[in-house]
Amino acid sequence: MKGTGIVKGLGVTLRTMGSKKVTMKYPDVPIQMPDRFRGVQYFEPDKCIVCNQCARVCPTDCITLTGKPNPDPEKKGKVIDTFDLNFEICILCDLCTEVCPTEAIVMTNNFELAAYSRDDLFKDRDWLYGNNRNIREDNNNIGAPQRGGAK
């Protein structure tokens with residue numbers, strides 16, 4: 001029968017005209033991300049023991065760090081000298097935060113990294129330390145039992 005396609009199309013149009021809109025006002029109203037969202041990392045230099053595990057486990061080799069001997073002669077170990085993260089190749093896989101024994105590097109819910117130049121995607125330890133909004137409360141143990149293993 002002629003014209004059935006146009007009637008079906010108008011039916012769909014009229015049904016959706018009265019439904020609730022799902023448009024988000026993103027730039028004006030921030031989006032709430034889920035708890036396990038893997039956003040841009042936060043780095044706390046005072047907690048870092050320069051074990052280099054984060055750089056070793058990184059599948060894209062986007063983390064570089066160097067350490068220097070502790071200036072306090074009574075303390076052993078190293079302190080962080082440089083910590084650089086290349087977000088041009090970082091896949092935000094969360095592996096660097098899972099292997100960190102001191103939780104010096106943790107994930108946040110921040111995701112806005114847009115830049116006009118690739119050079120702006122190289123972030124140092126000062127920028128990562130300043131990225132202190134929306135830090136996950138429980139980084140490595142979400143969903144895991146707190147003590148004593150499984151019940």
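Reader: In which helix does cysteine 54 lie?

Author: Cysteine 54 belongs to helix α2, residues 53-57; helices (H or I, at least four residues) and strands (E, at least two) are DSSP runs, numbered from the N terminus. The model is predicted, so local features need pLDDT of at least 70 and side-chain atom pairs pLDDT 80 or more, whereas totals for chains, interfaces and linings use all residues. Residues are numbered from 1 along each chain as its sequence is written, and side-chain values use heavy atoms, without hydrogens and water.

Reader: Why is cysteine 54 called buried?

Author: Its relative accessible area is 10%. Buried means under 20%, exposed over 50% and partly exposed in between (1.4 Å probe, protein chains only), and cysteine 54 is therefore buried.

Reader: Which residues does cysteine 54 touch?

Author: Leaving aside residues up to four places away in sequence, cysteine 54 touches Ile63, Leu65, Phe83, Cys96 and Val99. A contact requires heavy atoms within 4.5 Å.

Reader: Where is cysteine 100, and is it buried or exposed?

Author: Cysteine 100 sits in the loop between α3 (95-99) and β4 (105-107). With 13% relative accessibility, cysteine 100 is buried.

Reader: What makes cysteine 51 partly exposed?

Author: The relative accessible area of cysteine 51 is 26%, and this value therefore places cysteine 51 in the partly exposed class.

Reader: How do you know that the structure holds zero disulfides?

Author: A disulfide is a covalent bond between the sulfur atoms of two cysteines. Here the term is applied to a pair of cysteine sulfur atoms within 2.5 Å, and the structure holds zero of them. The closest cysteine sulfur to that of cysteine 51 belongs to cysteine 100, and the 6.0 Å between them is too far for a bond. Cysteine 54 is in no disulfide either, since its nearest cysteine sulfur, that of cysteine 51, is 6.3 Å away.

Reader: Which residues does UniProt list under "binding site"?

Author: The unreviewed UniProt entry places this feature at Cys48, Cys51, Cys54 and Cys100; annotations may be inferred rather than shown by experiment. These residues are spread over 53 residues of sequence, yet they cluster in space, with a largest C-alpha distance of 10.6 Å. Cys48, Cys51, Cys54 and Cys100 are included in the lining of the largest cavity. On a 1 Å grid over the protein atoms alone, a cavity is a set of points where a 1.4 Å probe fits but cannot get out, and lining residues have an atom within 4 Å of a point.

How values were computed
On a 1 Å grid over the protein atoms alone, a cavity is a set of points where a 1.4 Å probe fits but cannot get out, and a pocket is an open set with protein on both sides within 12 Å along at least five of seven lines; lining residues have an atom within 4 Å of a point.
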